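Please work through each task before reading its solution.

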Amino acid sequence: MMKKALAILISASLAVAFIVAPVNATTRLGEIRDPQVVCTYQNAGTAILYPPFNVVSWKCVSGGTQTGLSMYGYCVHKYGSTANASYDSWSDAYSWYCYR
């Protein structure tokens with residue numbers, strides 16, 4: 001009976017360990033606080049923030065042409081092919097960062 005109880009306790013402990021372990025651990029590589037660096041990388045003009053002033057409101061503008069910023073492309077350019085881009089808050093246009 002004692003062996004069975006111990007086996008159940010060990011199994012339960014292992015199950016809990018697997019549940020609390022992070023599934024997708026990421027490493028934050030750097031912030032993108034100045035979207036102008038992205039427009040410069042894209043050779044697409046000046047970074048301008050339009051209403052409603054959230055993370056997808058940035059445009060690169062050159063000669064009246066607007067181009068969306070590729071935060072992902074910039075992160076890959078700066079940190080390598082396994083990098084990605086994300087943001088901390090949808091409503092904070094300056095919250096972009098690169099991660100792996």
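Two exercises with worked solutions follow.

The model is predicted: local features need pLDDT of at least 70, side-chain atom pairs count only at pLDDT 80 or more, and totals for chains, interfaces and linings use all residues. Residues are numbered from 1 along each chain as its sequence is written, and side-chain values use heavy atoms, with hydrogens and water left out.

**Exercise 1.** Determine how many salt bridges the structure holds, and identify the partners.

*Solution.* 
Step 1. Apply the criterion: a side-chain nitrogen of Lys or Arg within 4 Å of a carboxyl oxygen of Asp or Glu.
Step 2. The structure contains 3 salt bridges.
Step 3. Arg28 pairs with Glu31 at 3.0 Å, N to O. Glu31 also forms a salt bridge with Arg33, with the closest N and O atoms 3.2 Å apart.
Step 4. Between Arg28 and Asp88, the closest N and O atoms are 2.6 Å apart. This pair links distant parts of the chain, 60 residues apart: Arg28 lies in strand S1 (residues 28-31), and Asp88 in the loop between strand S5 (84-87) and strand S6 (96-99). Strands here are DSSP runs (E, at least two residues), numbered from the N terminus.

**Exercise 2.** Classify Arg28 by its relative accessibility, then Glu31, Arg33 and Asp88.

*Solution.* 
Step 1. Use the classes: buried is under 20% relative accessible area, exposed over 50%, and partly exposed in between (1.4 Å probe, protein chains only).
Step 2. Arg28, at 39%, counts as partly exposed.
Step 3. Glu31 is partly exposed because its relative accessibility is 37%.
Step 4. Arg33 has 43% and is therefore partly exposed.
Step 5. Asp88, at 47%, is likewise partly exposed.

Terms used
Helices (H or I, at least four residues) and strands (E, at least two) are DSSP runs, numbered from the N terminus.
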